[in-house]
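Here is a short report for a first look at this protein. Start with the view below, then read on.

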Amino acid sequence: MTTPFVCRTIEEIRAAVRQARQQGKSIGLVPTMGALHEGHASLIRAARARTDFVVVTIFVNPTQFGPNEDLDRYPRQLTKDVALSGKEGADAVFAPVNSVMYPEGYRTYVEVHGMQAVLCGKSRPIHFRGVATVVLKLFNIVQPDAAFFGQKDGQQARLIQQMVRDLDVPVAVVVCPTVREPDGLALSSRNQYLSAEERKNALVLSQSLAEARERIAHGEREGDALRERIRDRINATPGAEIDYVEVVNLDTLEPLSRLSGKVMIALAVRFGSTRLIDNVQIDLV
Ligand code: AMP
């Protein structure tokens, strides 16, 4: 257990990284919005295993939230997050306030065309523009050798990979497996919004995806059939309202009617005002 150095300004985190570089250390970055759980912890451990100096960023990025989303109620618990980061071996925490990331007069945004308006982007039109922008800013601030993302946000990880490739950003993007509760629910900072009843019903996400994976293992290759079966299960679940269920090519995020190659089955489901996402990825080559 180390106590990470908490940086609130760009100058402070740059100085900490510079010092680590001078000692010949490689730099790992784990971008988060805080309210850290075991999913985030697994990314910090992956960063620890691959790089010498691990920076966790904690920033609830306002530009990725739409006007009617949960920016204001998103959980904030910096002291706890710093302790957890330290326990998992982070060396520094970068936790800027909004005006550090978006000072007066801020004007530049990053867009990944063809990938930002599908899946989650349909109901969250500005979300991925905000994500790509803040992640590129964090890459420029920290200049890591490698950055660690969760498969849980499958579209986000793919979009960041695309941005890094298109803009020649010298960062290795590492995508780590989704961490789940023992009963299968993917860990999410938003799970704490769920009532006991919703928490129970939310199992339909992981269970319907697990069933789809089984059906594929047994030879199912029709995207529509898989999608409809998942939709039926979710529609039969009290309180569950489908945002989307999609079967897509993992590289392009385009819908697949016949499954082949790298496949992602992704879904978003609302329980009341809480929106949960999950996905499975299957390599058929
Ligand atoms: P967030 O704080 O929700 O923005 O997530 C920060 C990072 O943690 C992202 O790369 C997420 O994909 C990752 N993450 C969130 N939940 C999980 C999970 N259950 N398993 C693995 N990674 C996760």
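Asp166 counts as partly exposed, at 46% relative accessibility. The model is a predicted one.

Asp166 sits in helix H7, which covers residues 154–166. Val112 is 54 residues away from Asp166 in sequence. In space, the C-alpha atoms of Asp166 and Val112 are 9.1 Å apart.

## The whole protein

How many helices and strands does the secondary structure come to? There are 10 helices and nine strands. The radius of gyration is 19 Å, close to the 19 Å that the globule rule gives for 285 residues, so the protein is as compact as a globular protein of that length. Along the principal axes, the C-alpha atoms fill a box of roughly 55 × 40 × 40 Å.

Buried residues account for 56% of the 285 residues. Take the contacts between residues at least 6 apart in sequence: 72% of them join residues at least 24 apart.

## Surface and charge

The protein exposes about 13,100 Å². Carbon and sulfur atoms supply 49% of that area.

Charged side chains come to 35 positive and 34 negative. The centres of these two sets lie 2 Å apart.

## Gln64, a buried loop residue

Where does Gln64 lie? Its place is the loop between strand E3 (53–58) and helix H3 (78–87). Gln64 has a relative accessible area of 8%, so it counts as buried, the cut-off being under 20%.

The side chain of Gln64 makes a polar contact with the side chain of Asn61, at 2.9 Å. Leave aside residues up to four places away in sequence, and Gln64 touches Met33, Glu69, Arg124, Ile126, His127, Gly130, Val131 and Val134.

## Phe128 in helix H6

Helix H6 spans residues 127–142, and Phe128 is in it. Is Phe128 buried or exposed? Phe128 is buried, because its relative accessibility is 3% and the cut-off is under 20%.

Which residues does Phe128 touch, not counting those up to four places away in sequence? They are Gln116, Cys120, Gly121, Gln155, Gln156 and Leu159. Phe128 and Thr63 are 65 residues apart in sequence. Their C-alpha atoms are 9.1 Å apart in space.

## Two residues with positive phi

Most residues other than glycine have a negative phi. Gln143 has a positive value, near 50°, and is not a glycine. Leu253 is not a glycine either, and its phi is positive at about 65°.

Gln143 lies in the loop between H6 and strand E5 (146–150). Leu253 lies in the loop between strand E7 (240–249) and strand E8 (262–271). Gln143 is exposed because its relative accessible area of 52% is over 50%. Leu253 is buried because its relative accessible area of 2% is under 20%.

How values were computed: Residues are numbered from 1 along each chain as its sequence is written. This is a predicted model: local features need pLDDT of at least 70, side-chain atom pairs count only at pLDDT 80 or more; totals for chains, interfaces and linings use all residues. Side-chain values use heavy atoms; hydrogens and water are left out. Helices (H or I, at least four residues) and strands (E, at least two) are DSSP runs, numbered from the N terminus. The radius of gyration is taken over C-alpha atoms; the globule rule is 2.2 Å times the number of residues to the power 0.38. Buried means under 20% relative accessible area, exposed over 50%, partly exposed in between (1.4 Å probe, protein chains only). Contact means heavy atoms within 4.5 Å. Accessible areas come from the Shrake-Rupley method with a 1.4 Å probe; for residues, only the protein chains shown count as cover. Lys and Arg count as positive and Asp and Glu as negative; His and the chain ends are not counted. The place of a charge is taken as NZ of Lys, CZ of Arg, CG of Asp or CD of Glu. A polar contact is a pair of N or O atoms within 3.5 Å; within protein, one must be able to donate a hydrogen and the other to accept it, and residues adjacent in sequence count only if both atoms are side-chain atoms.
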